[in-house]
Amino acid sequence: MAWNEPGNKGNDPWGNKGGNDKGPPDLDEVFRNLSKRFGGKGNGSSGQSFSSFSLITILAVAVVVWGLSGFYTIKEAERGVALRFGQHNGEIGPGLHWKATFIDEIFPVDIQSVRSIPASGSMLTSDENVVKVELDVQYRILDAYSYLFSAVDANASLREATDSALRYVIGHNKMDDILTTGRDAIRRDTWKELERILEPYKLGLAIVDVNFLPARPPEEVKDAFDDAISAQEDEQRFIREAEAYAREIEPKARGEVERMAQQASAYKEREVLEARGKVARFELLLPEYQAAPDVTRKRLYLDTMQQVMTDTNKVLIDAKNNGNLMYLPLDKLIQQKPATTELEATPQQNVNSSSVSTTRANEPLSGRPSRDDRTRQGRE
């Protein structure tokens, strides 16, 4: 039978023995009952003071434990997202902080580390070829609250967006470009497409870099594509070597052109100056010629003949007039240096002008007899 049913007079837990309901007991009666159960006497002022002191002590210890449990530390590279009763309450910087336990929640997030998510798979190109590609996306967290609560799993969302962007870009490019020269363009297009996909989701992420790893063709045609890539690399190498050779030869050619231009300019200047000198000399000579034409004409003739005969080794002797002539073979003395002393020791000979004229005039400087001498000797 329940204690509050009619007729139950001895089961009142509040000690109402009389059976009359006089309302709930006071707090002192409750504390006395608790004190009896924990070994107290349950009566008098000492029991009341003991029960009050115990409760206060328990409450004080609970408050101290609650207060100490609220201290936490945020690292230098982290930011803390504070929630109060589930609502966003701001962002916590690095250092030692305190929160109200069971009221505030703190979620630390590393915002300085660069994280990466790989993506790979066999994908179809625009020219209906299958190629295996691999991509590595590096990102950093910018907004900790958006990273935690804008999506169920920001990393999974980023992974799916990366796969979607990569398949879109690969599907709009040809296999030759993917495997050879178009990898950088594909990397940039994938980066741009990934940012476009992530923008409406506001995941609080920033893409740092997108690394497009070398793609691989199907195994059946791998050797042929390797040969094609090797040929293209050789082409680029030959182009670089040709450019290096051109950069080496071009300065030399420019220097040669500059040297020839300077020589031509100097030659032109010299010829112009010589021509001006000749004109000036002629202008000075003209009045002299007009004053004495015969003398000037003869002087010009002698000067011209002297200039012409300066470099010749022939000796001409005028044998029309009779008389003695002294002849010294200076040209032979110059040619025969070892015999110089003998020629200088030989006395000068006086010869008849007629004999000298016939022998010396017709004798060549080389020492061989002339044609007249050979004819005369044949007759004798």
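Where in helix α7 do Glu250 and Arg254 stand relative to each other, and how many residues apart are they? The two are four residues apart in α7 (residues 222-291) and are therefore separated by about one helical turn. The structure is a predicted model, in which local features need pLDDT of at least 70, side-chain atom pairs count only at pLDDT 80 or more, and totals for chains, interfaces and linings use all residues. Residues are numbered from 1 along each chain as its sequence is written, and side-chain values use heavy atoms, with hydrogens and water left out.

Glu250 and Arg254 form a salt bridge, their closest N and O atoms being 2.6 Å apart; the term denotes a side-chain nitrogen of Lys or Arg within 4 Å of a carboxyl oxygen of Asp or Glu. Glu250 is partly exposed, with a relative accessible area of 37%, whereas Arg254 is exposed at 56%. Here buried means under 20% relative accessible area, exposed over 50%, and partly exposed in between (1.4 Å probe, protein chains only). Helices (H or I, at least four residues) and strands (E, at least two) are DSSP runs, numbered from the N terminus.

Arg299 counts as exposed at 56% relative accessibility, and Asp303 is partly exposed at 35%. An α-helix has 3.6 residues a turn, so residues three or four places apart point the same way.

Attention now turns to helix α6. This helix (residues 183-198) has 16 residues and reaches 22 Å from its first C-alpha to its last, close to the 22 Å expected at 1.5 Å a residue, where the expected span is 1.5 Å times one less than the number of residues. Its buried residues are Ile186, Thr190, Glu193, Leu194, Ile197 and Leu198. Seen down the axis of α6, they fall within an arc of 125°, and so line one face of the helix; the arc is that of the directions from the helix axis to the C-beta atoms. Their cover includes β7 (130-141), α4 (154-171), α5 (175-179) and β8 (205-216), contact meaning heavy atoms within 4.5 Å. On the other side of α6, Lys192 and Arg196 are exposed.
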